[in-house]
Every structure is written in C-alpha cells, then in structure tokens.
Amino acid sequence: LRPVSRLDCPMKIIFSHDAEKAFLKLPSSIQKKVKKQFLLLERDFFYPSLYTKKMSGIPNEWEIRIDRHHRACFRRDGDTLTVDALGPHDTGLGKK
C-alpha cells in the first residue's frame, strides 16, 4: 500500500447539490478561496495550507480548510472526491 500523500492521477471533484448551493451563497472572496484550495487539492492531497485530515467516526470522510473560518468535507472514492458540505466551520463540517 502506498501513502495517500501525493497523488499520481488527477482528481475528479464533484459537488453535491447541497454543497453547490452552499458555495453559491458564499461571498465572492470566499468562493475564490474555495476554488484555490480545490485546485491545490487536485495537485496534492496533503498540501500544507489545506490541513487535510480524516474525520473521526465517519468512514471515508475527509476535511480541508478553506481559511480560518471555513471548511469543506468530502468523501474520497478512488480518484473521485464528492464534496458533501461547505461553509463556515461547523456548517462546512456538516454539523449544522
């Protein structure tokens, strides 16, 4: 088994309906940060500014940091990431 840290293949990122709605409600400055962070995620799953981590208690669910106050959580299935939640810290982690 190889570590997940560096990916050799491009990632396909899909936003769920709820995550897409949440993205569209964000201010344009935060939308720009979201796009930047997901571009970094496509290149390097553990890029330092993403603070990528496995969410405890939820199988195959991961979290990245958009900025100090915003998060995104997603499921990883091979080379496909499905974004489930996006937004302010607790909302972005699917807690509210």
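Start at the side chain of Gln37, which reaches the backbone oxygen of Ser49 at 3.3 Å. Keep in mind that this is a predicted model.

**Stop 1: Gln37**

Stay on Gln37 and show its side chain. Is Gln37 buried or exposed? Its relative accessible area is 3%. The cut-off for buried is under 20%, so Gln37 counts as buried.

**Stop 2: the whole chain**

Zoom out and switch to cartoon view. Gln37 sits in helix H2, residues 28-43. How many helices and strands does the chain have? There are 3 helices and 5 strands. Follow the chain along the sequence and you read β-α-α-β-β-β-β-α.

**Stop 3: the sheet**

Select the strands. The 5 of them form an open sheet with mixed pairing, in the order S1-S5-S4-S3-S2. Which strands stand at the edges? They are S1 (12-15) and S2 (53-54). Each has a single partner strand, so one side of each is left without a neighbour in the sheet.

S2 pairs with S3 in the antiparallel sense, over 2 bridges. Pick Lys54, then look into S3 for its bridge partner, Trp62.

**Stop 4: helices across the sheet**

Bring the helices back. H2 lies across S1, S3, S4 and S5, and runs at about 125° to S3. H1 lies across S1 and S5, at about 45° to S5.

**Stop 5: the nonpolar core**

In soluble globular proteins, nonpolar side chains tend to be buried together. Look for that here. The largest nonpolar core has 19 residues. Select the ones with the most contacts inside this core: Val34, Phe38, Leu41, Ile64, Ile66, Phe74 and Leu86. Colour by element of structure next. H1 (17-25), H2, S3 (61-65), S4 (70-77) and S5 (80-88) each supply at least two core residues. H2 gives the largest share, 5 residues.

Click on Val34. Setting aside neighbours within four places in sequence, Val34 is in contact with Phe23, Leu26, Ile66 and Leu86.

**Last stop: the surface**

The accessible surface of the chain comes to about 6,100 Å². Carbon and sulfur atoms hold 55% of that area. Of the 96 residues, 41% count as buried.

Note on methods
Residues are numbered from 1 along each chain as its sequence is written. This is a predicted model: local features need pLDDT of at least 70, side-chain atom pairs count only at pLDDT 80 or more; totals for chains, interfaces and linings use all residues. Side-chain values use heavy atoms; hydrogens and water are left out. Helices (H or I, at least four residues) and strands (E, at least two) are DSSP runs, numbered from the N terminus. Buried means under 20% relative accessible area, exposed over 50%, partly exposed in between (1.4 Å probe, protein chains only). A polar contact is a pair of N or O atoms within 3.5 Å; within protein, one must be able to donate a hydrogen and the other to accept it, and residues adjacent in sequence count only if both atoms are side-chain atoms. Accessible areas come from the Shrake-Rupley method with a 1.4 Å probe; for residues, only the protein chains shown count as cover. A nonpolar core is a set of buried Ala, Val, Leu, Ile, Met, Phe, Trp, Tyr and Cys residues joined through side-chain atoms within 4.5 Å. Contact means heavy atoms within 4.5 Å. Two strands pair if DSSP finds at least two bridges between them. Axes are lines fitted to C-alpha atoms, for helices over the stretch in contact, and angles run from 0 to 180 degrees between N-to-C directions.
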